[in-house]
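Work through the exercises below with the structure open beside the text. Try each task before reading its solution.

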Amino acid sequence: MTYTKYIFILLVSITLSGCGIYSFTGVKTGDAKTFQVNRFENTSLLIEPGLERDFKLALEDLIQNQTNLGLVPSNADLVYEGEITNYRISPTTATSQNTAAQNRLTIGVKVRFYNRLNEEEDLDQSFSFFYDYPGSAQLVGGQKATAHEEIFERLTQDIINATLARW
């Protein structure tokens, strides 16, 4: 009886130790312990006040939620920086009265990622995503907040996938 109990304990401990290596998000931070997100300057032709701050916070939040990395203001193992290169509202479909039936907000960012522990993983890449909304609606208040949240969610996840998950 005690022999089977020891075998059971051994099998459970092997199984549980194997689970520690797997990540449900697919994120691999290697030996990195810290990260920093520098200011993303807004260089787009259409300037939306506070957009760079909101994007920086969204990226920091996602990294903290999907990794065990600590956020530091400087000298981090992993560094993110870049620019918001595009903030554009354009009509996507028209009505018979030559008015917009649907508009599209597009936000583009250029990201530079530095892995100070492994320079081969450095990245310089552009990302872009959009949000469609009715042509009769104005991009203000809750509509704008929803648009920014959905775009930031997709952009930040794409950035994490490209820099940490390597998908």
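The model is predicted: local features need pLDDT of at least 70 and side-chain atom pairs count only at pLDDT 80 or more, while totals for chains, interfaces and linings use all residues. Residues are numbered from 1 along each chain as its sequence is written, and side-chain values use heavy atoms, with hydrogens and water left out.

**Exercise 1. The sheet**

Task: Find the order of the strands in the open sheet and describe how they pair.

Solution. 

Step 1. Begin with the terms. Helices (H or I, at least four residues) and strands (E, at least two) are DSSP runs, numbered from the N terminus. Two strands pair if DSSP finds at least two bridges between them. Strands of a sheet pair through backbone hydrogen bonds, either parallel or antiparallel.

Step 2. Write down the order. The open sheet has 5 strands in the order 2-1-3-4-5, and its pairing is mixed. Strand 2 (70-71) and strand 5 are the edge strands, each pairing on one side only.

Step 3. Take the parallel pairs. Strand 1 and strand 2 are parallel, with 2 bridges. Strand 1 and strand 3 (residues 78-94) are also parallel, joined by 6 bridges. Phe35 has Leu71 as its bridge partner in strand 2 and Leu78 as its bridge partner in strand 3. Asn42 stands opposite Ile84 in strand 3.

Step 4. Take the antiparallel pairs. Strand 3 and strand 4 (residues 100-115) are joined by 15 bridges; Pro91 has Asn103 as its bridge partner in strand 4. Strand 4 and strand 5 pair over 12 bridges, and Gln102 stands opposite Pro134 in strand 5.

**Exercise 2. The aromatic rings**

Task: How many aromatic pairs are found in the whole structure? Classify the pairs Phe40 with Phe55 and Tyr131 with Tyr133.

Solution. 

Step 1. Apply the rule. Rings of Phe, Tyr and Trp (its six-membered ring) pair if their centres lie within 6.5 Å; planes under 30 degrees apart count as stacked, over 60 as edge-to-face and the rest as tilted. The search finds 5 aromatic pairs.

Step 2. Phe40 and Phe55 have ring centres 5.0 Å apart and planes at 75°, so this pair is edge-to-face. Phe40 belongs to strand 1 (residues 34-42) and Phe55 to helix 2 (residues 51-66), so the pair ties together parts 15 residues apart in sequence.

Step 3. Check burial (buried means under 20% relative accessible area, exposed over 50%, partly exposed in between, with a 1.4 Å probe and protein chains only). Phe40 is buried at 0%, and Phe55 is buried at 0% as well.

Step 4. For Tyr131 and Tyr133 the ring centres are 6.5 Å apart and the planes are at 15°, so the pair is stacked. Both Tyr131 and Tyr133 are buried.

Step 5. Look for a cluster. Ring pairs link Phe40, Phe55 and Phe152.

**Exercise 3. The core and helix 3**

Task: Which residues have the most contacts inside the largest nonpolar core, and which element gives the most to this core?

Solution. 

Step 1. A nonpolar core is a set of buried Ala, Val, Leu, Ile, Met, Phe, Trp, Tyr and Cys residues joined through side-chain atoms within 4.5 Å. The largest has 30 residues, and Tyr80 and Ile107 have the most contacts inside it.

Step 2. Strand 1, helix 2, strand 3, strand 4, strand 5 (123-134) and helix 3 (141-165) each supply at least two residues of this core. Helix 3 gives the most, with 7 residues.

Step 3. Examine helix 3. Its buried residues include His148, Ile151, Phe152 and Leu155.

Step 4. Return to Ile107. Leaving out residues up to four places away in sequence, its contacts include His148, Ile151, Phe152 and Leu155.

**Exercise 4. Two single residues**

Task: Is Asn103 buried or exposed, and which residues does Ala58 touch?

Solution. 

Step 1. Asn103 lies in strand 4. Asn103 is buried, with a relative accessible area of 11%. Beyond its neighbours within four places in sequence, its contacts include Pro91, Tyr131, Tyr133 and Pro134.

Step 2. Ala58 lies in helix 2. Not counting residues up to four places away in sequence, Ala58 touches Phe152 and Thr156. The C-alpha atoms of Ala58 and Glu153 are 7.5 Å apart, although 95 residues separate the two along the chain.

Methods: Contact = heavy atoms within 4.5 Å.
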